[in-house]
Amino acid sequence: MTLTQAALGQRGLARNAALVLGGSAFIALAAQVSVPMWPVPMTLQSLAILLVGLTFGARLGAATLLAYLAEGLAGLPVFSNGGAGPAYFMGPTCGFLVGFVLTAWLAGLAADRGLTRRLVPAALVALVAGAAMYLPGLAWPFGVAHLTGIDAAWAATDAGALWAGWAAPFLLGDALKAVLAALVVTGGWAAMRARRG
């Protein structure tokens, strides 16, 4: 049982649709918030994605992210810095955008199995799910440069360049967001237990 199931009871089609729309709007808003951070500023987008996965479950979490991507592809300014449309989607961050679905699904899978009710397991789940977005995120610039021959300033075949430009600057912020997501979700479970007890 996920946190939304515990809080809202049985979910029907209308309730699921409302959660998907609300969750995608939440992610879109979080993508526009930039927080000063060292070594690079961070948005709250991945925090929102983890929260959606950890509270909605695997299927509804992934569906929410697919709706979010569809909204962006359709031209709604839901991506970071108001980005939208197919050209933005196929740009440098395409791999991470695709990875968002994987992150929400993995976090949701753990939530479906009851692994997110205590802080330490929830934090570990959030760290692993958050790290999963780096797989397609790093594969995209490598693939563009190596396999297609497209000459893009952001594409790279060198592992060091990928690490330095695409992963290392964001790891600290993503780790903090994973722990924060775990705190929020386990706090939600604690509130549910207190209300019932």
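Asp174 and Lys177 stand three residues apart in helix H9, which means that about one helical turn separates them; helices here are DSSP runs of H or I with at least four residues, numbered from the N terminus. The structure is a predicted model, in which local features need pLDDT of at least 70 and side-chain atom pairs count only at pLDDT 80 or more, while totals for chains, interfaces and linings use all residues. Residues are numbered from 1 along each chain as its sequence is written, and side-chain values use heavy atoms, with hydrogens and water left out.

The side chains of Asp174 and Lys177 meet in a salt bridge, with 3.3 Å from N to O, where a salt bridge is defined as a side-chain nitrogen of Lys or Arg within 4 Å of a carboxyl oxygen of Asp or Glu. By this rule the count comes to one salt bridge. Asp174 is buried, with a relative accessible area of 17%, and Lys177 is buried as well, with a relative accessible area of 5%; buried means under 20% relative accessible area, exposed over 50%, and partly exposed in between, for a 1.4 Å probe and protein chains only.

Four aromatic pairs were found in a search of the whole structure, where rings of Phe, Tyr and Trp (its six-membered ring) pair if their centres lie within 6.5 Å, and planes under 30 degrees apart count as stacked, over 60 as edge-to-face and the rest as tilted. One of these pairs, Tyr68 with Phe79, is edge-to-face, at 5.5 Å centre to centre and with 85 degrees between the planes. Tyr68 belongs to helix H4 (residues 58-73) and Phe79 to the loop between H4 and helix H5 (85-89), so this pair ties together parts that are 11 residues apart in sequence. Both Tyr68 and Phe79 are buried. The ring centres of Phe79 and Phe89 are 6.4 Å apart and their planes lie at 40 degrees, so that pair is tilted. Ring pairs link Tyr68, Phe79, Tyr88 and Phe89 into a cluster.

Helix H7 (119-132) and helix H9 (159-196) each supply at least two residues of the nonpolar patch. Leu183, which lies in helix H9, counts as partly exposed at 43% relative accessibility.
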